[in-house]
Amino acid sequence: EKPLAMNYNELEAIRTEYEKAGKGLMLGFNRRFSTLTLKMIQLITREQKKSINIRINAGAVPPDHWVHDPEIGGGRIIGEVCHFIDLAGFIAGSRAKNIHAFALSTNSAKNDTVTINIEYQNGSIASICYFSNGNSNIPKERVEVFSNSTVILINDFRSMNIYTQMGCKKIKLRTQDKGHSRQFSLICDTLSKGGTFPIPFNEIYHSSLVTLETLRSINEKRSISISE
């Protein structure tokens, strides 16, 4: 279960042990396994440069909630925004190159209303807007991808609109699918049949590193170049 690590020392310790053990490791970044995410990837190839916008209407959590405890929950960026950092990188099909993140000044101590801008090595860009100051009457998650005259909108992982030069096509699921079922099915296949886990370790590590660098960007009020 996410997060992989709460700080840089833990992250590097896990990488060292992973490389030493020579065994598999899997983390629950489930949204990349959603039916709608995978359909999107089929329509916009990994090679295409993309403009990605992910908006999360997260809602407020009481100040004394465990998720805000830096020792237990790590805060909402480490504990939840990591999902969307991983999803953006998966859609971009590239590693992050630069990151600049901002927290709402009236609530910066919690870092739970933030905008994260990411530039990828392949030229794609992403904006992740995680807001705790919204309203529960609108859907929680919205993903927008613009590429080569095609726009794809995922609405709360329940439906998807595909806009092309030919018009608009709509896909609606019977139930919300954030990828949990497919993720665990693939994990079970790996455990029973052998092989590798569905997310390579280097992608798990990179998404976790970018998550930590997001906090550093906010705290240091500057852009951060990502290097591994």
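Predicted model: local features only at pLDDT ≥ 70, side-chain atom pairs only at ≥ 80, totals over all residues.
Two packed helices are described by the angle between their axes and the distance between the axes. Helix α3 spans residues 76-92 and helix α5 spans residues 201-220; their axes come within 9 Å and cross at roughly 120°. An angle over 145 degrees would count as roughly antiparallel and one from 65 to 115 as roughly perpendicular, and α3 and α5 are therefore oblique to each other. The crossing in which α3 passes α5 is right-handed. On the α3 side, the contact is made by Ile77, Ile78, Cys82, Ile85 and Asp86, which meet Glu203, Ser207, Val210, Thr211, Leu212, Thr214, Leu215 and Ile218 of α5. Sorted by class, the residues of this contact between α3 and α5 are eight nonpolar, three polar and two charged.

From α1, the residues Tyr8, Leu11, Glu12, Ile14, Arg15 and Tyr18 take part, and they meet Phe201, Tyr205, Ser208, Leu209, Leu212, Glu213 and Arg216 in α5. The contact of α1 with α5 consists of eight nonpolar residues, one polar residue and four charged residues. Leu212 of α5 is named in the contact with α3 and again in the contact with α1.

A further pairing joins helix α2, residues 35-43, with α3: the two axes come within 10 Å and cross at roughly 25°. Since an angle under 35 degrees counts as roughly parallel, α2 is roughly parallel to α3. The α2 residues Thr37, Leu38, Met40 and Ile41 meet Leu87, Phe90 and Ile91 of α3. In this contact of α2 with α3 there are six nonpolar residues and one polar residue, with no charged ones.

Cys82, part of the contact with α5, has a relative accessibility of 3% and so counts as buried. The structure holds zero disulfides. For Cys82, the nearest cysteine sulfur belongs to Cys129 and is 17 Å away, whereas a disulfide would need the two sulfur atoms to be within 2.5 Å. Another cysteine, Cys168, is partly exposed, with a relative accessible area of 40%. His83 also lies in α3. With a relative accessible area of 7%, His83 is buried. Neighbours within four places in sequence aside, His83 is in contact with Lys2, Gly28, Phe29, Asn30 and Arg31.

Lys2 and Pro3 are joined by a cis peptide bond, with omega at about 0°. Pro3 sits in the segment before α1. Asn9 and Gly59 are 50 residues apart in sequence, and their C-alpha atoms are 30 Å apart in space.

Thr150 is in strand β6, which runs over residues 150-155. Its relative accessibility is 17%, so Thr150 counts as buried. Although Thr150 and Tyr163 are 13 residues apart along the chain, their C-alpha atoms are separated by 5.7 Å. Tyr163 is also among the contacts of Thr150, along with Ile44, Val145 and Thr164, when neighbours within four places in sequence are left aside.

Ser149 has a phi near 65° and lies in the loop between β5, residues 141-147, and β6. Phe157 has a phi near 55° and lies in the loop between β6 and β7, the latter covering residues 159-164. Which of the two is buried and which exposed? Ser149 is exposed, with a relative accessible area of 52%, while Phe157, at 1% relative accessibility, counts as buried.

Key
Residues numbered from 1 in each chain as written. Heavy atoms only, no water. Axes fitted to C-alpha atoms, helices over the stretch in contact; angles between N-to-C directions. Helix = DSSP H or I, 4+ residues; strand = E, 2+ residues; numbered from the N terminus. Left-handed = near helix turned anticlockwise from the far one by under 90°. Contact = heavy atoms within 4.5 Å. Nonpolar A, V, L, I, M, F, W, Y, C, P; charged D, E, K, R; others polar. Buried < 20%, exposed > 50% of the residue type's maximum accessible area, 1.4 Å probe, protein only.
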